[in-house]
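Thanks for coming, everyone. I'll take you through one structure today. Have a look at it first.

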Amino acid sequence: MNENKPGDSQNLACVFCRKNDDCPNKYGEKKTNEKWNLTVHYYCLLMSSGIWQRGKEEEGVYGFLIEDIRKEVNRASKLKCCVCKKTGASIGCVAPRCKRSYHFPCGLQRECIFQFTGNFASFCWNHRPVQIITSSNYKDSLPCTICLEFIEPVPTYSILRSPCCKNAWFHRDCLQVQAINAGVFFFRCTICNNSDIFQKEMLRMGIHIPEKDASWELEENAYQELLQHYEHCDVRRCRCKEGRDYNVPDSKWEIKRCQCCGSSGTHLACSSLRSWEQNWECLECRGILYNSGEFQKAKKHTLPNTNNVGITDCLLEESSPKLPRQSPGAQHKDLLRQGSKFRRDIASIIIELGFQIKKKTKRLYVNKANIWNSALNGFRNKNFNPSYTIEVVYVDDNDNFGREYPGSKQEFLSLLMQRLENSPLFEGSLSKNLSLNSQALKENLYYEAGKMLAISLVHGGPSPGFFSKTLFNCLVYGPENTQPILDDVSDFDVAQIIIRINAATCTADLNSIVNECYNYLELTGCLRIITSLSDKYMLAKDLLVCHVIKRVQAPFESFKQGLKTLGVLEKIQTYPEAFYSILCHKPENLSTKILSDLFTVHTLSDVQTLGFWNSYLQAVEDGKSATTVEDILSFTTGCNSIPPAGFKPTPSIECLHMDFPVGNKCNNCLALPITNTYKEFQENMDLAIRNTLRLEKEASSHYIEH
């Protein structure tokens, strides 16, 4: 059958396909019977048309008897493969009147389908089963739900669709690898987890689903760490003389784990706990629970049978095994209870949202001097779809020739976010809340503002970074679960009233303030009868809620609807910790190290110029240059900070024979001038970057003033 020596399975050729490849994912396991000097690929053996498994699993090769294998090899030696034209074609198409025979690898090459079920039928390329999907269902590119690479949603041999989820598409190779790893017990639809319908269709389309346990289940001690309890005292001052790992059950040195995350612990004595049943949270979880401003500190002793259970106490109960649709307040409690389960990197969340963007482009005509109206006109266009790829074209209304210039999407979104932050839709200095602007409400601008923010995040633009904590909490947990603070009040007169109320030292003073502000309190619905000095706290709270939340209820609802664009609001509510960092905080200051690592260098660049570039960055960091790190990034990309999802394409550097640097914001490419001396290099860099940014700033401010 072959001339290879037995025992060297790597070099032994399969007696059916005559290939010595050892690739289990493609051809199945390669097995050699040294006694009979016989090597086969499992799939070649399984799919051969004239052989059946007559023995037990341990007999012969996979239960196929040696004599039967020899007979099948002899039969196949008389058949010629219709692909490679060589003999040994043991597999034939089962379609009536079809005479095609082929080797298993040749069949894969010509996209034949082999069904690893029933009678193990095989179909040639002309008679293979296909997935019937009407053309009206075809859409733009969608991601393979396994590898997440974009594919055209058209059923072909290499592209398959889930039978149970309309928009779930896969690469055949991805499915096959997953099926081999998951096995029959865990192979299921990646979207809806259906196994019966999904497996039946995948078997029909030629996916081999081995009858074995999942590969991760077969690893020795794969889940050993789950059987171990965390036993370490993490409080700042551990009082146990035996050490932080000392644990004695039913004593004051028993270790109690954090009830929220379970990944931190304390000795009962180290945290003054009287018994193991008392609630205890680590510092990190306690910060989430109690420092957010919405909840009061939990009581150490709870009454299990009382009907008066506070919100914080509910947080400490076990969650229900069923998770029905929840209100924002309930979602907030559930998120805190789940702890680190909902913590994800913001970049990965934004990139995941970006999978919605289709290859189909929508051109936006943008006047850089009038970013706001350009964005409004573009986004309100009936043909605009937020899931289309945005292509920016710069125009000038004063240009009589109507010339157009390719623009940078990231620069456009960056300018739009700057304009939005300074718009009358928001009030406050650094941390902003929604304002009450009747004209903007009439023109539905709050909705458009939310839509702009959502589009900027998903399409790779910068994050706003100017939300107040109160506005963020209203979006995530609902206004009813949010308590504003004095810093949220931008109206000086209202702030003074609240300060005076809080500063009242007696009932007479408090009544005097109420009488003085009677008309305002009556108008806002906050007027109340004062019976004791403690009433001032409720009065101040009512004023805060009225001015910061109730007053802007209509703008808030409109803004929230806009944020639902592309599913952004849903992600914010699901991963509040991740979004808090980009919605309520500006990006951290750039350093020359971050900037240097951000840029890639084109090959064949001038070595001396690259040396000048590194020296220039050092001068910028030392304050010896007229520019800043942010200026360089803005000159190159149009953004003065790195967007949450990063730059696309990655910023790069090239060296060209020119007098001054050039920033190509469409490609995020910085062209460095090749000069003879470093002094000339620095002067040219400073002059070009400083003047370019100054002119752009003047043009923008000129429009705003007029």
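**Surface, rings and a sheet**

W216 is where I'd like to begin. Its relative accessibility is 35%, so W216 counts as partly exposed. Keep in mind that this is a predicted model. Where does W216 lie? In the loop between α6 (196–204) and β11 (255–257).

Now, the aromatic rings. How many aromatic pairs does the structure hold? The count is 21. Take one of them, F170 with F198: the ring centres are 5.7 Å apart and the planes are at 65 degrees, so this pair is edge-to-face. The cut-off for that label is over 60 degrees. This pair links distant parts of the chain. F170 sits in strand β10 (residues 169–171), F198 is in helix α6, and 28 residues separate them. Buried or exposed? F170 is buried, at 0% relative accessible area. F198 is buried too, at 1%.

There is also an aromatic cluster. Its members are Y42, Y43, Y62, Y102, F104, F114 and F116.

The charged end of R172 sits over the ring of Y157, 4.1 Å from the ring centre. K368 places its charged end over the ring of Y394, and there the distance to the centre is 5.1 Å.

Next, a sheet. Strands of a sheet pair through backbone hydrogen bonds, either parallel or antiparallel.

Let's look at β21, residues 669–673. With β19 (residues 652–656), β21 runs parallel, joined by five bridges. C655 has L672 of β21 as its bridge partner. With β20, the pairing is antiparallel, over three bridges. Here N664 stands opposite C669, and V662 has A671 as its bridge partner. β20 and β21 form a hairpin, with four residues between them. N668, in the turn, has a positive phi of about 55 degrees.

Why is β21 described as largely enclosed by the rest of the structure? Because five of its five residues are buried. C669, A671 and P673 point one way from the strand. L670 and L672 point the other way.

That's my tour. Questions are welcome.

Methods. Residues are numbered from 1 along each chain as its sequence is written. This is a predicted model: local features need pLDDT of at least 70, side-chain atom pairs count only at pLDDT 80 or more; totals for chains, interfaces and linings use all residues. Side-chain values use heavy atoms; hydrogens and water are left out. Helices (H or I, at least four residues) and strands (E, at least two) are DSSP runs, numbered from the N terminus. Buried means under 20% relative accessible area, exposed over 50%, partly exposed in between (1.4 Å probe, protein chains only). Rings of Phe, Tyr and Trp (its six-membered ring) pair if their centres lie within 6.5 Å; planes under 30 degrees apart count as stacked, over 60 as edge-to-face and the rest as tilted. A charge sits over a ring if NZ of Lys or CZ of Arg is within 6 Å of the ring centre and within 35 degrees of the ring normal. Two strands pair if DSSP finds at least two bridges between them.
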